[in-house]
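Try each one with the model open before reading its solution.

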Amino acid sequence: MAEPRIVVVGAGPSGVRAAEAVAKAGLRPTVIDEARRAGGQIYRRQPDNFTRSYEKLYGTEAARAKALHDSFDALAGKIDYRPETLVWNIAAAHVWTANGNAQETLPYDALILCTGATDRLMPVKGWNMAGTYSLGGSQVALKSQAVSIGREVVFMGSGPLLYLVASQYVDAGAKVVGVLDTSSKAARIKALPDLLAMPSVLWNGVQLTRKLSKAGVPVHHQITPVEIIGNSETGVSGVRYRTASGEDKTIGCDAVAVGYHLRPETQLADLARCEFAFDAHTHQWLPQRDADGRASAAGVYLAGDGAKILGARSAEASGKLAALAALSDLGLPVDKGEITALRRDVANYSKFARGLSRAFPWPAAQAAALPDEAIICRCEAVSAGDLRAVMRETGAIEANRAKAFSRVGMGRCQGRYCGLAAAELIAAEAGIPVEQVGRLRGQAPVKPLPIAIGEEEA
Amino acid sequence: MNGRFVRLGETDRPHVALHVDGQAVTALEGDTLMVALLSSGGTLRESEFGDGRRAGFCLMGACQDCWVWTENGDRLRACSTLAASGQRILTSQPEATWPNLG
């Protein structure tokens, strides 16, 4: 029998651990990753000629980052590694890849999707202006390029990353002029029982807030973003927000990093015809999987933050678990004890993640309150008012129908940054629960391709 | 204005010389095009939909808001393309017009 073909998409924490488990079983997996180097976004590597230490780059996670990079490097020669390659479609047990202008179609017996996450965004008036970045993007700037996104930076949104990136900026010598958190301290206290599932991570979080206060960075809780102010030519000049007690305040700045925790990249799971279900904790539609990562579609396995936001540590465990499930389904021997231990780890991380979603809730009501003139779709500059008008004129209250009429979600980011907020806005306008609005379908190509793409000459 | 991005370290790298809209720009080896352009300027591109200048957004290849062009018309994602000596970059698409909102 020919060797089973296992394709791993993504080379972040889950993809690396999945590939490692497959290689350990004596198979040669194909590992396809969009980045130049493995590590994913969280353990993203700096270019070769940069010299900062692991401690400086990854802080408390330095040892994990190094272990992951070392593990991946040790796989050289044992895997078919394809960096800088996009998987842009999945159909009929094949993946379609693009590397520059070269395209290929690869069959698989098992497909392990480790697609990772992007920032979850809530639009705010003015967020289309130059100088507004996603929170994760602001971290990439620092980690992989040693730059700050501006001279005076505001961090706005919610979630653990808000504090992590703000403190990384402080450590690196950037000027952080404010941290504006939409969540309340009370929510954090209520979430404590779940957060205690991972005391060391919780402790790291507490240390970050201490560091910010020691550095004199103003941190405000329970704020409501009002507007990013500035000029359409020169960009951001400040942030307006409302305090918990209802006062209108403005902070001057030339850059804003915005993010509300993360959202999984599920387009490929969708194209692979995995079933999805609405998750009420996070207000996100998630591809369904069993405890080991098996999706509803045959031969498809889901791991890491691309399946559900459980964090990098969980991603390492779920990546390995998904690989063991795939190997077992292909009739290869696997260690049952190891599977049991990994399941226990993932369950613990899930409890912690539930705590995070309670401590830093998605501020759905902000979408409903967006003023008509606020742009909701950055790609094509479609305003909240345009979307509301489409709803009034066409009666569209289903996500894909509203997209077809309004173009919200049809632009080049394909709804990654507007889709969740647009669904909340539609739900509020129509007076229905957000799950009834549905979810934007994944469409191939999942990212734009060059027009000149073609099969590689043999 | 000066550059939008501020370098916080790793400045001891060889220089690379490129052209952006015909102007000479100096960057450092290992810079992405985005960092090269935003270390010397305030924005990357014009929104095709009439709402002003843009300077990228996600830095991880997901938002597509950092597209720039070569003089040959090839489209590059500035956040994930390395700057290299001799590049001739345009911040608007050659020979293209787009419908604006206005």
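**Exercise 1.** Determine how α1(A) passes α3(A), and which residues make the contact.

*Solution.* Start with the handedness: α1(A) crosses α3(A) in a left-handed sense, meaning that the near helix is turned anticlockwise from the far one by less than a right angle (clockwise would be right-handed). Next, list the contact, which takes in Pro13(A), Val16(A) and Glu20(A) from α1(A), and Leu68(A), Ser71(A) and Phe72(A) from α3(A); two residues are in contact if their C-beta atoms, placed from the backbone, lie within 7 Å. Sorted by class, these are four nonpolar, one polar and one charged. Here Ala, Val, Leu, Ile, Met, Phe, Trp, Tyr, Cys and Pro count as nonpolar, Asp, Glu, Lys and Arg as charged, and the others, Gly among them, as polar.

Now for the geometry: helix α1 (residues 13-24) of chain A packs on helix α3 (residues 62-73) of chain A at about 40 degrees, with the axes 10 Å apart. The two helices are therefore oblique to each other; angles under 35 degrees are roughly parallel, over 145 roughly antiparallel, 65 to 115 roughly perpendicular, and the rest oblique. Axes are lines fitted to C-alpha atoms, for helices over the stretch in contact, and angles run from 0 to 180 degrees between N-to-C directions. Helices (H or I, at least four residues) and strands (E, at least two) are DSSP runs, numbered from the N terminus.

A note on the model: it is predicted, so local features need pLDDT of at least 70 and side-chain atom pairs count only at pLDDT 80 or more, while totals for chains, interfaces and linings use all residues. Residues are numbered from 1 along each chain as its sequence is written, and chains are lettered from A and ligands numbered from 1 in the order in which they are written.

**Exercise 2.** At what angle do helix α5 (residues 160-172) of chain A and helix α8 (residues 199-214) of chain A pack?

*Solution.* The angle is about 45 degrees, and the axes are 9 Å apart. That makes α5(A) oblique to α8(A). From α5(A), the contact includes Tyr163(A), Leu164(A) and Val170(A), and from α8(A) it includes Leu208(A) and Leu212(A). The class count for this contact is seven nonpolar, three polar and one charged. The crossing is left-handed.

**Exercise 3.** Which element gives the most to the side of chain A that touches chain B?

*Solution.* First, the extent: 44 residues of chain A are in contact with 35 of chain B. Then the contributors: β8 (117-119), β9 (132-134), α4 (135-145) and β10 (147-148) of chain A each supply at least two residues. Of the elements, α4(A) gives the most, with five residues. By class, this side of chain A has 18 nonpolar, 17 polar and nine charged residues.

Lastly, check burial: 11 of the 11 residues of α4(A) are buried, so α4(A) is largely enclosed by the rest of the structure. A residue is buried if 20 or more other C-beta atoms lie within 10 Å of its own, exposed if 12 or fewer, and partly exposed in between. Ala146(A) follows α4(A) and has a positive phi, near 60 degrees.

**Exercise 4.** Describe the surroundings of Asp194(A).

*Solution.* Locate Asp194(A) in helix α7 (residues 192-195) of chain A. Asp194(A) is partly exposed, with 19 other C-beta atoms within 10 Å. Leaving out residues up to four places away in sequence, Asp194(A) touches Lys351(A), Phe352(A), Arg354(A), Gly355(A) and Arg358(A).
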